[in-house]
Amino acid sequence: MLSIFNKAKDAGYPTHGGANVPHRKNTAECKTVVMPPPEKVVIPMLMHLGAPCTPLVKAGQTVKVGQKIADSDKFVSAPIHSPISGKVKAIGEMLMPQGMKAATITIESDGEMTLSEEIKPPAVNGKDDFIKAVRESGLVGLGGAGFPTFIKLNPPVGTVIDTLIINGAECEPYITSDYRELIENGEDVVTGVFAIKKLLGAERAVIAIEDNKPLAIENIKKIVNGFEQNDGSVSVMTLASRYPQGGEKVLIQKVTGRVVPKGKLPADVGCVVMNAQSIAFLARYMSTGMPLITKRLTIDGSAVNNPQNVMACIGTPINDVLEFAGGIKDDAKKIIMGGPMMGIALSGGDIPVLKQNDAVLAFSEGDAEMREPSACIRCGRCVDACPFSLMPTRVDHLLKQKDPVELEKAGAMTCMECGCCSFVCPAGRKLVQSMRLAKRIIRNAPKKEAK
Amino acid sequence: MNNTMIVSSSPHLQHTNTTRGIMLDVIISLVPAFIAATVFFGWIVPFVTVVATAACVFAEWCARKILKRENTISDLSAAVTGLILALNLPPTLDSVWMGALGGVIAVVVVKQLFGGLGQNFANPAMVGRIVLMVSFPTLMTTWVNPLAWISGPVDAVSSATPLAIVGSGTTEGLPSFLNMAIGMRTGCMGETSAIALLIGGIYLCIKRVIKPTIPVCFIGTVAAVTIILDLFGVKGMTPDLFGVQILSGGLFLGAIYMATDYVTSPITPWGRVIFGIGCGLVTVIIRYFAALPEGVSYAILLMNLLTPHIENLTRPKPFGEPREKKQKGGDRS
């Protein structure tokens, strides 16, 4: 198995479209710097896909590092833990970058970083215990989407998972936080892979890494080959760099040739995809019991003084993180949470670091502004670039009629907003924005009776 | 830090490609064809070109002004229309005013009245040419022998293009295959040199301005159908005449520069294939069975009109959607 993947430069099945985005992995060789705990953290109750958590603590209460401070009784959710020790100052509310409001817990540090007694390696006897432990760790998909991991690892009864895919593609420009994980914590990644593969009963696990990270590929291959439980079922797959290969459905198609049907989940085609950092975190959690309270962030962009990788406490205001990285230049005009292709532009730096963040980018004036859109010249570049074979320009045109039925027929709901269409558009049209508007129109449309 | 940050929808990166850059690439790719044309037909080529291009740009500027719309001449699309129109005119003095008139028709009637760049249903330069062909059939088919500008005016005016010669049922006076390929023959200024046009086409493909799909399907279909018709003995074709069919009559100019017009050709991959094949078929049908010796322009015009339908029929299936169930009578199980 391994030898096949070693030879071919671009192993894997063909996928449609994509874009040759610039890599700009400037911080690839920047060792992760641990940022000292901040004086104050603000922790939103919504750092995952699903139902928001409810605070378990009250204002004035003291909390310790790793203590569970919020949870939900809804299924799709993940508990939240305190990243510092100190006093709960307030339970408030804030506007999240995604546009919805969420409750927050503000904690003031006592500077002690006292560990909570709750922290101990979870006792795991069997699958149910394991899933419970994963839930208690607070882990969500660290690649950006923030889907609670325990749900992913617990597919419905009767679903056969044969392939575990580790997403080390990291195809977004600038971001190197997965890369640093593969380099710095390769053992954790591989340990996690073997453990999760066993848990899922998968026949094989594929660690997929893009070819612009040769050192990571080499490192992980070496560790896999030297791993004591190595039975050849875990392979490292080198992918030709292509955006958006790290998109879950695209990656599944690339690695297995399977297409996740519309409205279905990866488990329906026998796959579970996990981010490299998520799986390494799980390996560490199983041995230490320390829940998810810190996150590695790539700090980069033309307006950042000292680009680097920072390990920061969740809840640290972005401004503090940027300040730690030498501050941002006076002409900074845009701060992005996440990568430049799918990240969210922030109105300011008071937003805290979230669980699923992997980068904070700041750009100077020239890079911050996009071209004014001009008329579509029907060049078809967006059609060629769409990884999901949509026709973005068609949705853009149909948008004028605001007809939810036509928009849905045009496949707008399939769009994952990867940004390839807008990126390649020579007329600078805001095609992703049109897709989002189209989705909104479809969602807001009164549901019709099925014919 | 000032606190006025730009908040915009992702992505926050753009490719360096712009509409203007693409048009500039088209202009660059036309250089070999212009050099060839100037060598064969002399000073009249740059003269007609400048006038036609200026007319197009000026017409676009005026039209946008009158329509009270933002000015768009800087996207260079009007200039490209002018250049391609000029290539489609005979190398005579009359082409100067015809170029100006055709340019105005192309830009104002065909493009701006339909909403400007991206909205026109047919290629402006081509409709400009067709209008001139219909209005001034004699002037538009008054040909000049190549290199006559050097040898003197004695044998300047020639009666027929290679296709017209073939159309009249003879092979006498046909240029050799090599001369046809380099452009030593009568014809429109830019259509004669297949090699120069091919260089431009390859440049456009390398710069990824166009995909080779449409030109290859177009020219390939003309070649294939011509061979098939030969086998059935239609007009008693010989290998010599096969070269004439492929290399003459503006096939290369049309296939590389006019059929590939973004606005009026399908944006779907299979749509492009159908479009190219359709252009080729109609071209041959007109050449062989209609009264006209030349069919490329009309073929492209017809396919332009079919483009929206071709596109609707060839829409790609979105990722993860079940295979389309065609609503045929008995198919609903």
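**Helix crossing and sheet order in a predicted model**

Guide: In this predicted model, helix α4 (residues 77-87) of chain B and helix α6 (residues 124-135) of chain B have axes that come within 8 Å and cross at roughly 40°.

Visitor: Is the crossing of α4(B) and α6(B) left-handed or right-handed?

Guide: α4(B) passes α6(B) in a right-handed crossing.

Visitor: Which residues make the contact?

Guide: α4(B) supplies Thr81(B), Ile84(B) and Leu85(B). From α6(B) come Pro124(B), Ala125(B), Gly128(B) and Arg129(B). Four residues of this contact are nonpolar, two polar and one charged.

Visitor: What makes β11 and β12 of chain A edge strands?

Guide: The open sheet runs β11-β10-β9-β12 in chain A, with parallel pairing. β11 (234-239) and β12 (271-275) each pair on one side only. On average, neighbouring strands here are turned by 25° against each other, direction ignored.

Visitor: How do you know that β10(A) and β11(A) pair?

Guide: Pairing needs at least two bridges. Strand β10 (residues 204-210) of chain A and β11(A) have six, in the parallel sense. Therefore they count as paired. Glu210(A) has Leu239(A) as its bridge partner in β11(A).

Visitor: Which helix packs on this sheet?

Guide: Helix α6 (residues 214-226) of chain A does, touching β10 and β11 of chain A. Its direction makes about 165° with that of β11(A).

Key. Residues numbered from 1 in each chain as written. Chains lettered and ligands numbered in written order. Predicted model: local features only at pLDDT ≥ 70, side-chain atom pairs only at ≥ 80, totals over all residues. Heavy atoms only, no water. Axes fitted to C-alpha atoms, helices over the stretch in contact; angles between N-to-C directions. Helix = DSSP H or I, 4+ residues; strand = E, 2+ residues; numbered from the N terminus. Left-handed = near helix turned anticlockwise from the far one by under 90°. Contact = heavy atoms within 4.5 Å. Nonpolar A, V, L, I, M, F, W, Y, C, P; charged D, E, K, R; others polar.
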